[in-house]
Amino acid sequence: MYKIVVLGEGGIGKTTLLEVIRKNVMDLRTVQMTIGVQFHEIQVEYEDENIIFQVWDFGGQPQFKKMGVFDKFSQGSDGALFCFDLSDYETLLTIPDWVELAPYCKSENVAKILIGTKADLDEDTDENLIQEYVEKFKFHHFMRTSSISKQNINNVFVKMAEIIFSLKK
Ligand SMILES: Nc1nc2c(ncn2[C@@H]2O[C@H](COP(=O)(O)OP(=O)(O)O)[C@@H](O)[C@H]2O)c(=O)[nH]1
Ligand SMILES: [Mg+2]
């Protein structure tokens, strides 16, 4: 079982993405906790193995940022999805803040994917800045997703597995 944290502003489609991935992939469960973290169990097949991810999806409570919640809960992660909304430029600009909010994930050993959500909408983003962040924050991959068109829905956690295995070699 691999632990994955999902980080990014509220309203950018994190929970929807995980729900869509979960329903498309296999029968799994979601547990809502009062502290505002939802756990999604997501399974993928990778190199003939069944890989199970325990995915930590944080609620939108703004006070979480001040409480150090993200730093605490990101401890021990094998991977992280840093998310922004492709149709909302402001959310791209928050990516450096999210990197700072979860310092544990800065480790080279944590698999990091930058996810641009809502690829079905008109883009309001900056390809150069995306590439700059990929290099600066050492994201292992960048992916556009859409919970509506289902773009890359089946690839997110396969890619995550691939990166995690490559890091462990
Ligand atoms: N157009 C579009 N809307 C989306 C997509 N994913 C989520 N949404 C909408 O964005 C809003 C916020 O989604 P939610 O998953 O709750 O965001 P979270 O706060 O990041 O978990 C909801 O109204 C969703 O229906 C997407 O891929 N495309
Ligand atoms: Mg959510």
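So, strand β1 (residues 2-7) and strand β4 (residues 49-58) pair in the parallel sense over five bridges; strands here are DSSP runs of E, at least two residues, and helices are runs of H or I, at least four, each numbered from the N terminus. To count as paired, two strands need at least two bridges found by DSSP. Tyr-2 has Phe-53 in β4 as its bridge partner. β1 also pairs with strand β5 (residues 79-85), again in the parallel sense, over four bridges. There, Leu-7 stands opposite Phe-82.

Quick note on the model: it's predicted, so local features need pLDDT of at least 70 and side-chain atom pairs count only at pLDDT 80 or more, while totals for chains, interfaces and linings use all residues. Residues are numbered from 1 along each chain as its sequence is written, with chains lettered from A and ligands numbered from 1 in the order in which they are written.

Okay, the ligand. Which residues come nearest to ligand 1? Of the 15 around it, those are Gly-13, Lys-14, Thr-15, Thr-16 and Ser-147, where "around" means a C-beta atom, placed from the backbone, within 6 Å. Helix α1 (residues 14-25) gives the largest share of that shell, three residues.

Last, helix α7 (residues 156-168). Val-156, Phe-157, Met-160, Ala-161 and Ile-164 are buried there, meaning 20 or more other C-beta atoms lie within 10 Å of their own, those atoms being placed from the backbone. Down the axis of α7, the buried residues fall within an arc of 135 degrees, so they line one face of the helix; that arc takes the directions from the helix axis to the C-beta atoms.

Methods. A residue is buried if 20 or more other C-beta atoms lie within 10 Å of its own, exposed if 12 or fewer, and partly exposed in between; C-beta atoms are placed from the backbone.
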